[in-house]
Amino acid sequence: MASNRSLLVLPGDGIGPEVMREVYRVVEWMDHRRHVSFALQEDLVGGSAIDAHGVPLADATMEKAQAADAVLLGAVGGPKWDNLDFSVKPERGLLRLRKELGLFANLRPAICFSALVEASSLKPEIVEGLDIMIVRELTGGVYFGEPRGIEDLGNGERRGVNTQVYTTSEIHRVARVAFELARKRGNRVTSCEKANVMESGVLWREEVQKLHDAEYADVGLEHMYADNAAMQLVRAPKQFDVIVTDNLFGDILSDEAAMLTGSLGMLPSASLGDADATGRRHALYEPVHGSAPDIAGKELANPIATLLSFAMALRYSFDLADDATMIETAVQQVLAGGLRTADIMSTGKAKVSTSTMGDAIVRELDKQA
Ligand code: NAI
Ligand code: MG
């Protein structure tokens with residue numbers, strides 16, 4: 001029977017295709033052992049699309065992305081395309097996807113697997129059991145606000161300008177994502193801005209509070225200045241459940257939180273758009289890491305970030321939370337058993353290849369089925 005779960009896979013460049021191979025094995029496993037199937041399509045993005053079509057994302061690919069329930073992306077970019085003009089660089093393919101799919105909420109989980117507490121830069125007792133979710137506004141704020149630019153003041157000085165802009169509806173829609181997520185997790189939201197020095201932060205705080213009081217009074221809400229949040233993340237990160245914040249602070253706080261957990265090769269992400277009348281929303285899932293040209297083609301890449309991104313797709317786009325949990329548990333078990341790819345800092349553990357890690361995860365899945 002043809003599946004009605006449509007997933008567009010864009011492996012991209014560098015290690016992208018290598019880590020995606022391990023996802024395909026899990027997809028196959030789900031088909032055989034769970035009788036859950038997907039209508040899979042694969043296409044090009046980034047440098048590989050430039051080589052084939054002269055553009056980092058062809059219109060036909062964009063149409064497939066619009067039609068799909070979810071997009072799973074590997075990574076884009078690499079030295080081969082570094083000297084191209086910014087308008088045709090591999091990264092533009094990703095930016096086009098984000099923009100045309102209207103992906104305004106970026107979800108960045110920071111989970112510390114207990115087998116990897118030694119890989120964190122913080123003390124074990126501070127990160128053990130850490131499970132937080134940062135929701136970053138992705139399409140507004142100071143990265144996009146007008147006016148912007150560099151102007152010549154004519155007196156030998158130049159002036160660089162960027163403007164932080166947020167409207168009520170932009171704040172509400174991202175805060176709504178955070179409150180909905182919190183209800184399925186620890187039921188607490190921390191909203192971060194700088195209301196002490198920025199008017200846009202005052203608006204952010206007032207509007208998040210209003211939405212909370214009107215529709216999410218059952219969820220705990222705390223407001224915190226973003227600089228304090230940066231300190232709290234390294235002092236006592238387990239105090240957080242869901243953090244919601246703007247584009248700029250979210251960029252920084254999500255990278256900071258990521259470093260609490262060990263390796264770049266472990267970190268998934270999701271970007272979500274608005275829900276339509278049927279509850280369906282555009283969504284893009286991708287590892288946080290890039291195309292890692294230094295290790296591409298060497299079977300050294302850690303596939304876990306991409307596998308966990310696929311698990312997020314199961315949870316947020318396909319209503320398959322049980323299957324998502326199975327993958328996350330399999331990852332946990334494999335790490336607990338001592339398996340490590342080279343990116344994971346650890347002492348006295350043998351380092352295994354991309355496909356050996358994939359093998360082990362599928363074997364763990366078998367034990368659960
Ligand atoms: P990177 O994330 O590709 O690599 C940084 C370091 O982490 C490298 O030493 C790499 O070997 C290692 N690493 C990354 N992912 C790994 C994995 N899964 N397993 C094992 N080791 C891993 O970032 P970098 O080096 O700054 O950028 C390389 C290229 O990737 C550039 O062209 C950049 O523009 C692009 N990039 C693309 C992103 C995307 O597609 N979303 C995000 C970040 C960078
Ligand atoms: Mg960043």
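**Domain organisation, core and local features of the predicted model**

In an unreviewed UniProt entry, residues 6-361 are listed as "domain: Isopropylmalate dehydrogenase-like". The structure described here is a predicted model.

The protein chain is divided into two domains: domain 1 comprises residues 1-106 + 271-369, and domain 2 comprises residues 121-261. Taken over C-alpha atoms, the centres of domain 1 and domain 2 are separated by 26 Å. Where the domains meet, nine residues of domain 1 are in contact with ten residues of domain 2. On the side of domain 1 that touches domain 2, strand S4 (105-111) and strand S11 (268-275) each supply at least two residues. The largest share of that side, three residues, comes from S11. By class, the side of domain 1 that touches domain 2 consists of five nonpolar, two polar and two charged residues.

In soluble globular proteins, nonpolar side chains tend to be buried together. In this model, the largest nonpolar core has 103 residues. Those with the most contacts inside this core are Val 71, Leu 72, Val 135, Ala 178, Ile 243 and Leu 307. Helix H10 (residues 304-316) gives the most to the core, contributing ten residues. Both domains take part, since at least three core residues are drawn from each of domain 1 and domain 2. The surroundings of Val 135 can be given in detail. Apart from neighbours within four places in sequence, Val 135 is in contact with Ala 105, Leu 107, Val 174, Val 177, Ala 178, Leu 181, Val 242, Ile 243 and Val 244.

Ligand 1 is surrounded by 22 residues, of which Gly 77, Gly 265, His 289, Gly 290 and Asp 343 are the closest. The shell around ligand 1 divides into ten nonpolar, eight polar and four charged residues.

Helix H4 (residues 90-100) has several buried positions, namely Pro 90, Arg 92, Gly 93, Leu 94 and Leu 97. The cover over the buried residues of H4 includes helix H2 (47-53), helix H3 (59-67), strand S3 (70-75) and strand S12 (281-287). Just after H4, Gly 102 takes a positive phi of about 65 degrees.

Strand S12 also holds Glu 286. Glu 286 counts as buried because 24 C-beta neighbours lie inside 10 Å, the threshold for a buried residue being 20 or more. Not counting residues up to four places away in sequence, Glu 286 touches Leu 73, Ser 269 and Ser 309. Glu 286 and Ala 49 are 237 residues apart along the chain, and their C-alpha atoms are separated by 17 Å.

Lys 238 is placed in the loop between helix H8 (226-235) and strand S10 (242-245). With 15 C-beta neighbours inside 10 Å, Lys 238 counts as partly exposed. When neighbours within four places in sequence are left aside, Lys 238 is in contact with Gly 129 and Leu 130. Lys 238 and Ile 132 lie 106 residues apart in sequence, with a C-alpha to C-alpha distance of 7.5 Å.

Most residues other than glycine have a negative phi, and most peptide bonds are trans. Several backbone features of the model may be set against this background. The peptide bond from Glu 146 to Pro 147 is cis, with omega near 0 degrees, and Pro 147 has its place in strand S6 (residues 145-152). Glu 299, although not a glycine, has a positive phi of about 60 degrees. This glutamate lies in the loop between S12 and H10. Glu 299 counts as partly exposed because it has 14 C-beta neighbours inside 10 Å. Asp 319 is likewise not a glycine and has a positive phi of about 55 degrees. The loop that holds Asp 319 runs between H10 and helix H11 (321-336). Asp 319 has 12 C-beta neighbours inside 10 Å and therefore counts as exposed, the limit for that class being 12 or fewer.

How values were computed:
Residues are numbered from 1 along each chain as its sequence is written. Chains are lettered from A and ligands numbered from 1 in the order in which they are written. This is a predicted model: local features need pLDDT of at least 70, side-chain atom pairs count only at pLDDT 80 or more; totals for chains, interfaces and linings use all residues. A nonpolar core is a set of buried Ala, Val, Leu, Ile, Met, Phe, Trp, Tyr and Cys residues joined through C-beta atoms within 7 Å. Helices (H or I, at least four residues) and strands (E, at least two) are DSSP runs, numbered from the N terminus. Domain bounds come from an automatic or database domain assignment. Two residues are in contact if their C-beta atoms, placed from the backbone, lie within 7 Å. A residue is near a molecule or strand if its C-beta atom, placed from the backbone, lies within 6 Å of it. Ala, Val, Leu, Ile, Met, Phe, Trp, Tyr, Cys and Pro count as nonpolar, Asp, Glu, Lys and Arg as charged, and the others, Gly among them, as polar. UniProt positions are given in the numbering used here, feature names are shortened, and annotations may be inferred rather than shown by experiment.
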